[in-house]
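Open the model in your viewer and turn on the cartoon display. The stops below say what to select and what is there.

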Amino acid sequence: MIEEENNPIKSVGSVVGAQAGTDEATVFENKLRPKDFDSYIGQGEVKQNLSVFVRAARKRSETLDHTIFYGPPGLGKTTLSMILASEMGTELRITSGPALEKPGDLASILSNLKEGDFLFIDEIHRLRMPVEEILYTAMEDFAIDLVIGKGPSARTMRINVPRFTLVGATTLMSRLSNPLRDRFGHVEKLRYYEPDEIQSIIVRSAEILDIAIDEGAAKLLAKSARATPRIANRLLRRMRDFAEILHEGVITEKVVREGLASLSVDKNGLDFADQEYLRTICEKFSGGPVGLSTISAAIGEDEHTIEDMIEPFLIREGFLTRTPRGRQVTDRGFQHLGLASADDQLRLV
Ligand code: ADP
């Protein structure tokens with residue numbers, strides 16, 4: 001329910017168009033986004049499921065059931081949502097959990113949707129509870145309950161909102177409350193990509209951006225992209241800079257090797273932040289276990305960034321484990337850094 005004063009629905013500036021953003025990275029990102037299922041590489045099972053759900057919804061002239069995508073950043077959740085909206089022939093409105101400060105912000109967005117629209121909420125696990133509660137009736141009954149007035153004279157008014165599809169994206173599914181999770185008809189997990197899929201993404205992006213890249217260079221770059229399309233595209237742009245300024249314009253294996261070394265990206269794709277994180281746990285906390293807030297203070301990095309951007313890939317690569325007592329670097333993690341683990345040191349004594 002929403003506490004409102006005079007105007008029950010306030011306008012907010014948090015909804016942005018799908019193609020909004022003018023900084024270089026956003027412009028590139030939008031240019032490289034696949035527009036349909038065919039050009040969206042990998043995630044075969046997810047794509048297959050979604051295309052069945054889309055065809056079924058279209059056949060019955062219904063809106064698509066609410067859908068949630070989860071997985072680390074840069075794996076293609078936003079892109080897939082845009083494809084879904086386009087396949088359903090409708091508009092996608094984008095906002096994010098942290099941008100919706102008050103229930104009124106969300107109420108305003110919902111009541112301005114058109115029938116059949118998609119509403120995409122990124123980082124949906126970061127919605128504030130009073131805002132999240134508005135979603136429950138909106139998702140189930142396509143209605144929101146407004147509280148008009150204050151004190152004893154307050155009354156509740158229910159207003160209908162257009163039938164819409166909510167698409168949520170989250171990097172941390174476990175943070176979602178049960179009532180919210182239960183209201184999604186489709187739950188799809190996006191996985192890290194295989195090296196050959198990343199290589200195909202690099203080749204596709206190079207074609208779109210008119211960048212010359214050798215096959216061997218694309219393969220090498222793919223191995224260093226943390227199995228993540230966004231990172232692959234970012235590295236491709238940086239390699240183009242090195243190729244254009246320091247070489248003859250073509251991205252070769254030599255350019256990739258030198259370029260990655262200049263960017264401090266190692267052979268497993270760990271960048272400076274990843275390496276600093278691992279090294280800090282090994283050197284200052286004997287490999288752990290150590291709590292997230294302690295690591296955050298030690299390296300001066302925000303806890304959300306550590307949980308969302310750094311840890312998932314390190315866990316996937318087997319360099320890190322999460323235990324009830326905190327984060328712990330594995331033997332493999334120690335070996336990767338060329339350090340001896342605490343166990344190894346004991347064995348040496
Ligand atoms: P997320 O929402 O999960 O953070 P995005 O959908 O914004 O990720 O994707 C980041 C970038 O990676 C986009 O610019 C897009 O071009 C590219 N990308 C993501 N997934 C794919 C894919 N399966 N095939 C090709 N490019 C992809």
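Select residues 143-148 and 155-160, strands β5 and β6, which pair in the antiparallel sense over six bridges. Strands here are DSSP runs (E, at least two residues) and helices are H or I runs of at least four, numbered from the N terminus; two strands pair if DSSP finds at least two bridges between them. This is a predicted model, in which local features need pLDDT of at least 70, side-chain atom pairs count only at pLDDT 80 or more, and totals for chains, interfaces and linings use all residues. Residues are numbered from 1 along each chain as its sequence is written, and side-chain values use heavy atoms, with hydrogens and water left out.

Stay on the pair and show Asp 145, which stands opposite Arg 158 in β6. Then go to the turn: β5 and β6 form a hairpin with six residues between them, and Gly 149 there has a positive phi of about 80°.

Is β5 enclosed or open to the outside? Five of its six residues are buried, so β5 is largely enclosed by the rest of the structure. Buried means under 20% relative accessible area, exposed over 50%, and partly exposed in between (1.4 Å probe, protein chains only).

Next, select the open sheet of five strands, ordered β3-β4-β7-β2-β8 with parallel pairing. Its edge strands, each pairing on one side only, are β3 (92-96) and β8 (186-189).

Within this sheet, pick β2 (67-70) and β7 (165-170), a parallel pair with four bridges. Phe 69 stands opposite Ala 169 in β7.
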